[in-house]
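Trainee: I have a structure to study today. Could you take me through it?

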Amino acid sequence: MKDATLSILIGGEAGQGLVTVGQLLAKCLVRSGYFIVVTQSYQSRIRGGHNTYAIRVGVDEVVAPTESVELLIALDTDTVALHRHDLSPDGLIVVDSALGINGERFLTVPYKEFGKERFANVAALGVLCSLLGLEQGVAAETVDDFFGKKDKSLATENKRALNAGVNWMATKKRSKLRLPEVPNPSQRLMMNGNEAIALGSLSAGVRFFSFYPMTPSTSIGLNLAANAGKMGLVVEQAEDEIAAINMAIGASFAGAPSMVATSGGGFALMVEGVSLAAMTETPVVVVVAQRPGPATGLPTRTAQADLEFVLHSGHGEFPRAIFSPGTIEQCFHLTRKAFELAERYQGPMFVLTDQFLADSYRAVPPFELERLPPVEPVQKPGETPPYQRYAITETGISPRLLPGLSEQLVVADSDEHTEDGHLTEDLVISPRMVEKRLRKGAGVRSEVVAPDFEGEAEPDLLLVSWGSSKGAVTEATSRMRSGGERVATLHFSQVWPMVPEQFIGYLESAREVVSVEGNALGQLARLIRREAGFDIERKVLRYDGLPLTPESILEELSR
């Protein structure tokens with residue numbers, strides 16, 4: 001195993017079941033105690049096209065994908081042609097014998113001899129688990145849990161196919177790719193970024209979620225819908241994104257903690273609603289899962305190009321927070337924090353993720369949900385009647401009552417308004433209301449999550465990143481340190497507001513600072529220059545739709 005990890009790439013056409021094989025294998029690996037990073041690459045079509053499901057696995061924590069391949073599972077001939085050059089010197093290609101491809105580094109598997117074609121994916125799992133040295137019992141339990149046990153004939157056929165794959169591999173030589181055994185494996189969850197966001201919102205007490213399906217955000221809504229009945233929330237698929245955000249604002253106004261999720265094109269339709277939430281001072285959490293643009297762009301690929309868009313979305317001036325998680329755990333905890341800030345400061349808060357992190361499965365320890373209380377809408381009546389929803393206060397936070405739950409009349413208006421909520425065009429009151437809303441920004445700023453610095457003080461090289469690039473940057477610096485270089489990292493899991501006092505010292509003490517981002521303009525670097533006055537001249541930028549990897553970073557740094 002190169003650098004104590006093994007890279008597995010499953011390739012084929014959409015509709016061939018490569019995701020099923022990938023998910024089953026990934027679950028077996030996690031249940032056997034290994035760490036994983038999954039990278040899914042797929043085209044915007046239901047059948048056909050070239051798709052891949054990559055798993056990087058290790059005994060110790062794995063934080064990033066890699067571009068080399070040790071084990072290539074080819075479900076079609078295109079996979080061999082496209083990825084053979086990525087194979088490591090000791091790598092192996094597993095291919096269906098029906099494809100008629102042979103060679104020294106090939107393991108040709110006669111899947112047709114294993115029985116019905118419908119169960120070929122389970123037979124392939126048996127071959128792979130045996131090849132890697134995974135216990136057959138773990139594989140059998142994983143298959144039962146994945147497909148269910150109620151249909152006894154289906155369970156019997158799955159078991160037969162799995163055994164056929166394992167037994168066939170038993171006649172072959174012991175694999176060089178066999179994984180080292182994990183003694184006393186810890187219990188971990190296999191979870192991707194969207195699942196963690198959904199779970200984080202559930203732990204925060206979300207009661208209403210609305211969305212219009214848009215890759216790569218859709219699975220947040222699907223996960224919430226699957227748990228809606230037992231968790232007591234409403235999930236609504238709206239006719240479009242305009243309706244989705246306005247539904248969420250209405251639900252939140254009535255007292256239900258609310259969230260919407262979308263991608264760039266869908267968020268473009270939501271921005272008027274963002275301003276409505278700001279003007280009415282209504283809490284709402286907005287998840288924007290980035291993909292390349294402009295327009296439809298590359299709808300199933302990844303990018304970090306919407307930071308400036310989300311930062312400046314909505315007309316007018318009002319405070320907001322933008323979180324940019326870099327790990328599955330951060331997806332969970334920062335979504336919770338977005339709900340907390342939305343309720344506390346009564347306005348829109350954002351979680352900015354991307355296709356890579358949304359679809360990337362990792363092995364994470366179970367979250368301690370019992371210690372995390374839900375976020376409840378805070379009802380604060382005015383000190384003296386009559387109730388003034390938009391009372392001007394020192395903090396900018398006005399007393400909030402929910403309509404119909406008290407004897408007070410709750411009035412709200414999307415136009416500029418007086419303290420009691422009625423429309424006004426009084427040009428004396430208007431600036432006072434603008435300033436009141438902006439004062440909430442001081443509170444939001446006081447709760448900013450500081451960027452995470454790792455490495456030696458006063459390094460020769462400091463790599464600055466945000467969001468999902470965290471893992472690739474971390475591993476790239478680790479490789480450089482092993483070569484004797486003095487390298488450090490600075491990762492922003494919250495990109496707005498920016499508090500220069502939290503990070504300017506790190507920037508100024510490094511001999512050279514490089515920004516690493518998944519966009520073409522270096523949007524975080526531009527924001528740092530604007531807010532902190534520090535110009536990051538050198539940048540490592542990737543904008544081909546693929547995630548940053550340690551290799552792509554190191555290659556660019558070497559130029």
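Mentor: Let us begin with a pair of strands. In this predicted model, strand β11 (residues 284-290) and strand β13 (residues 348-354) run parallel and are joined by seven bridges.

Trainee: Which residue stands opposite aspartate 354 in β13?

Mentor: That residue is glutamine 290.

Trainee: What is the strand order of the open sheet?

Mentor: The order is β9-β8-β10-β11-β13-β12-β18, which makes seven strands with mixed pairing.

Trainee: And which strands stand at the edges?

Mentor: Those are β9 (234-237) and β18 (494-496). Each has a single partner strand, so one side of each has no neighbour in the sheet.

Trainee: New topic: how many residues does the largest nonpolar core have?

Mentor: The largest nonpolar core has 54 residues, and Leu25, Ile36 and Leu71 have the most contacts inside it. Helix α3 (residues 120-132) supplies the largest share of this core, nine residues.

Trainee: What does leucine 71 touch?

Mentor: Leaving aside residues up to four places away in sequence, leucine 71 touches Ser7, Ile8, Leu9, Leu92, Val94, Leu128, Leu131, Leu132 and Leu177. There is also a second, separate core of 46 residues, which includes Val260, Ala278, Val464 and Ala510.

Trainee: Last one: which residues are buried in helix α17?

Mentor: In α17 (residues 523-532), the buried residues include Gln523, Leu524, Ala525, Leu527 and Ile528.

Trainee: And what follows α17?

Mentor: Glycine 533 follows α17, and the phi of this glycine is positive, near 75°.

Technical notes
Residues are numbered from 1 along each chain as its sequence is written. This is a predicted model: local features need pLDDT of at least 70, side-chain atom pairs count only at pLDDT 80 or more; totals for chains, interfaces and linings use all residues. Side-chain values use heavy atoms; hydrogens and water are left out. Two strands pair if DSSP finds at least two bridges between them. Helices (H or I, at least four residues) and strands (E, at least two) are DSSP runs, numbered from the N terminus. Buried means under 20% relative accessible area, exposed over 50%, partly exposed in between (1.4 Å probe, protein chains only). A nonpolar core is a set of buried Ala, Val, Leu, Ile, Met, Phe, Trp, Tyr and Cys residues joined through side-chain atoms within 4.5 Å. Contact means heavy atoms within 4.5 Å.
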